[in-house]
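Here are my notes on the model you passed along. Have it open on your screen as you read.

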Amino acid sequence: QVQLVESGGGLVQAGGSLRLSCAASGRTFSSYVMGWFRQAPGKEREFVAAVTWSGASTYDVDSVKGRFTISRDNAKNTVYLQMTSLKPEDTAVYYCAAARAVVLVTTAGRYGYWGQGTQVTVSS
């Protein structure tokens, strides 16, 4: 059983930075792959990035490469998404998710636990 709570969203100017945090509860946190998804108005939910339990393996989509960094701190039961050089097209509700897997997964259906989402708005 995992509960996820996101924080850190808000309104930023284009080119700015923001760090999202996802606090997880549950004793099995370290055995989960953690991911970030986002959903913009009128669009499907989109995979953004994922990290394995050790933090050694990460993956992010081409649209955010070089700008976003996913990481996790198992001691704090927290996963982060550091976002820099934000663009208006990054505007979306961002969701933290957990999957019972040991390899990176990018499909929303593979994730069994989800946070409530946090709004990120990037103004022009």
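**Notes on the strands, the disulfide and the overall fold**

1. Let me start at a turn. Gly 42 takes a positive phi near 75° in the hairpin of S4 and S5, a hairpin with 6 residues between the strands. Keep in mind that this is a predicted model. If you want a pair to click on, Gly 35 stands opposite Ala 50 in S5.

2. Now follow S5 into the next hairpin. S5 pairs with strand S6 (residues 58–60) in the antiparallel sense, over 3 bridges. Here, too, there are 6 residues between the strands, and Gly 55 takes a positive phi near 80°. Across this pairing, Ala 49 stands opposite Asp 60 in S6.

3. Is strand S5 mostly covered or mostly open? Mostly covered: of the 6 residues in S5 (residues 46–51), 5 are buried.

4. Next, the other sheet I looked at. It is an open sheet of 4 strands in the order S1-S3-S8-S7, and the pairing is antiparallel. Strand S1 (3–7) and strand S7 (68–73) stand at the edges with a single partner strand each, so one side of each has no neighbour in the sheet. On average, neighbouring strands of this sheet are turned by 15° against each other, ignoring direction.

5. Within that sheet, S7 and strand S8 (residues 78–83) pair in the antiparallel sense over 6 bridges. Asp 73 is the residue that stands opposite Thr 78 in S8. As a reminder, strands of a sheet pair through backbone hydrogen bonds, either parallel or antiparallel.

6. Which cysteines form a disulfide? Cys 22 and Cys 96 do, with their sulfur atoms 2.1 Å apart, and the count for the model is 1 disulfide. The torsion about the S-S bond is about -80°, so this disulfide is left-handed. Cys 22 lies in strand S3 (residues 18–25) and Cys 96 in strand S9 (residues 92–99), so the bond ties together parts that are 74 residues apart in sequence.

7. Are the two cysteines buried or exposed? Cys 22 has a relative accessible area of 0% and is buried. Cys 96 is also at 0% relative accessibility and counts as buried. The cut-off for buried is under 20%.

8. Have a look at Leu 4 as well, which is found in strand S1. At 7% relative accessibility, Leu 4 counts as buried. Beyond its neighbours within four places in sequence, Leu 4 is in contact with several residues, including both Cys 22 and Cys 96, along with Met 34, Tyr 113 and Trp 114. Leu 4 and Gly 117 are 113 residues apart in sequence, yet 9.4 Å apart in space, C-alpha to C-alpha.

9. Finally, the chain as a whole. It has 11 strands and 0 helices. Its radius of gyration is 13 Å, close to the 14 Å that the globule rule gives for 124 residues, so the chain is as compact as a globular protein of that length. The C-alpha trace spans about 40 × 25 × 25 Å along its principal axes.

10. A few totals to close. Buried residues make up 44% of the 124 residues in the chain. Of the contacts with a separation of 6 or more, 60% are between residues 24 or more positions apart. The accessible surface is about 6200 Å², with 48% of it belonging to carbon and sulfur atoms.

Conventions. Residues numbered from 1 in each chain as written. Predicted model: local features only at pLDDT ≥ 70, side-chain atom pairs only at ≥ 80, totals over all residues. Heavy atoms only, no water. Disulfide = S-S within 2.5 Å. Helix = DSSP H or I, 4+ residues; strand = E, 2+ residues; numbered from the N terminus. Buried < 20%, exposed > 50% of the residue type's maximum accessible area, 1.4 Å probe, protein only. Pairing = 2+ DSSP bridges. Axes fitted to C-alpha atoms, helices over the stretch in contact; angles between N-to-C directions. Contact = heavy atoms within 4.5 Å. Rg over C-alpha atoms; globule rule 2.2 N^0.38 Å. Areas by Shrake-Rupley, 256 points an atom, 1.4 Å probe, with all protein chains shown as cover.
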